[in-house]
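Hello,

Here is the structure I said I would pass on. Please look through it first; my notes follow below.

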Amino acid sequence: MEDARKYIANLINASPEEIIFTSGGTEADNFALKGVTYARNKKQHFITTKIEHHAVLHCAEALEKEGHAVTYLDVDSDGLVDPDDVRRAIRKDTALVSVMLANNEVGTVEPVAEIARICREHGVLFHTDAVQAVGQIPVDVKELGVDLLSMSAHKLYGPKGIGALYVRKGVKIAPILYGGAQERGRRPGTENVPGIAGFGKAAELAAAELNEHREKLTRLREKLIEEIFRRIEDVKLNGHRRRRLPGNVNVSIKYVEGESILLNLDLKGIAASSGSACMSGTLEPSHVLLAMGIPREVAHGSLRMTLGASNTEDDIDYVVDVLEETVKKLRAMSPLASPGRC
Ligand SMILES: *Cc1c(COP(=O)(O)O)cnc(C)c1O
């Protein structure tokens with residue numbers, strides 16, 4: 001466990017004592033928000049964004065129900081948060097700002113270092129949900145200047161059900177569970193030793209392979225984006241063109257339903273998603289795309305593809321072939337594509 005803690009700390013340039021193991025990214029996010037709240041015995045104000053993962057958004061909503069105030073910041077059409085909006089939203093009673101490092105749906109990488117600097121100037125704590133970023137892009141807690149940072153092992157090829165919260169030395173945070181004295185009295189419960197060992201190994205490998213992994217995924221991503229645009233008409237890339245996660249492709253394909261594309265891709269052995277993976281199965285368009293100002297009907301035709309370490313150039317060719325054929329077929333049947341027919 002202590003070896004794992006060192007590998008994880010090393011991956012984000014923290015000290016091992018600053019790493020607290022949790023049951024995953026969701027608990028790390030809840031721990032950050034609630035832990036800061038409960039460390040102070042008063043009503044507080046929080047700032048977050050409309051594009052956070054539900055682990056942050058739903059936790060913020062729960063804090064509102066407890067009488068705390070929350071400001072949900074808008075993003076621009078690329079999904080970027082404006083640091084000046086954070087500055088303007090800070091109040092005397094603001095306890096914490098939480099802005100994700102990279103968005104899980106559209107891959108946009110947020111200007112976290114700049115936002116953290118603004119928070120520090122105002123004496124406000126700053127948390128970032130870095131679940132999507134750790135292991136994909138360089139993450140250095142000192143360079144970013146963050147106080148709290150969430151991670152999850154399964155997003156970097158580790159096991160599911162294990163994560164961690166980085167808590168900068170000196171930051172006061174109350175436990176959100178009560179029990180024994182594990183994790184220096186901050187997170188009780190018998191430790192998930194196999195999970196922790198797997199997380200440690202994943203962190204060790206991620207640190208060693210980060211650059212190679214990032215370059216490979218970026219190359220595949222560019223090929224996938226370019227081929228989709230070359231072969232399919234009326235598509236739009238969602239998320240920032242360059243400030244994005246190496247393996248993330250999110251496109252809106254007009255005149256077709258995302259769910260229909262997904263079903264067809266699935267039949268051909270291609271796993272994709274129409275929004276966040278956790279929301280697949282629901283028909284509500286993504287809250288992230290809506291916050292970016294994408295019209296409902298276009299958001300419905302959105303498709304998220306995430307590339308990973310085992311993907312190859314051949315996979316990209318196969319996906320584009322299947323996608324082109326699927327879109328052609330669906331558009332031929334779509335009343336949206338040719339309104340005159342119905
Ligand atoms: C996956 C994810 C989470 C949740 O992590 P779990 O370990 O699955 O609970 C939180 N935030 C982001 C951005 C994620 O992508």
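Domain bounds here come from an automatic or database domain assignment. By that assignment the protein splits into domain 1 (2–205) and domain 2 (210–332). This is a predicted model, in which local features need pLDDT of at least 70 and side-chain atom pairs count only at pLDDT 80 or more, while totals for chains, interfaces and linings use all residues. Residues are numbered from 1 along each chain as its sequence is written, and side-chain values use heavy atoms, with hydrogens and water left out.

The two domains

The centres of domain 1 and domain 2, taken over C-alpha atoms, are 27 Å apart. In contact (heavy atoms within 4.5 Å) are 29 residues of domain 1 and 26 residues of domain 2. Between the domains, about 2,300 Å² is buried, counted as the accessible area (1.4 Å probe) that two parts lose on being put together, summed over both. Carbon and sulfur atoms give 58% of that area. Of the area that domain 1 buries against domain 2, E105, V106 and Q136 supply 30%, more than any other three residues.

There are zero salt bridges between domain 1 and domain 2, a salt bridge being a side-chain nitrogen of Lys or Arg within 4 Å of a carboxyl oxygen of Asp or Glu.

One strand

Strands are DSSP runs (E, at least two residues), numbered from the N terminus. Strand β1 covers residues 19–22, with I19 and F21 on one side and I20 and T22 on the other, all buried (under 20% relative accessible area, 1.4 Å probe, protein chains only).

Regards

Conventions: Buried means under 20% relative accessible area, exposed over 50%, partly exposed in between (1.4 Å probe, protein chains only). Helices (H or I, at least four residues) and strands (E, at least two) are DSSP runs, numbered from the N terminus.
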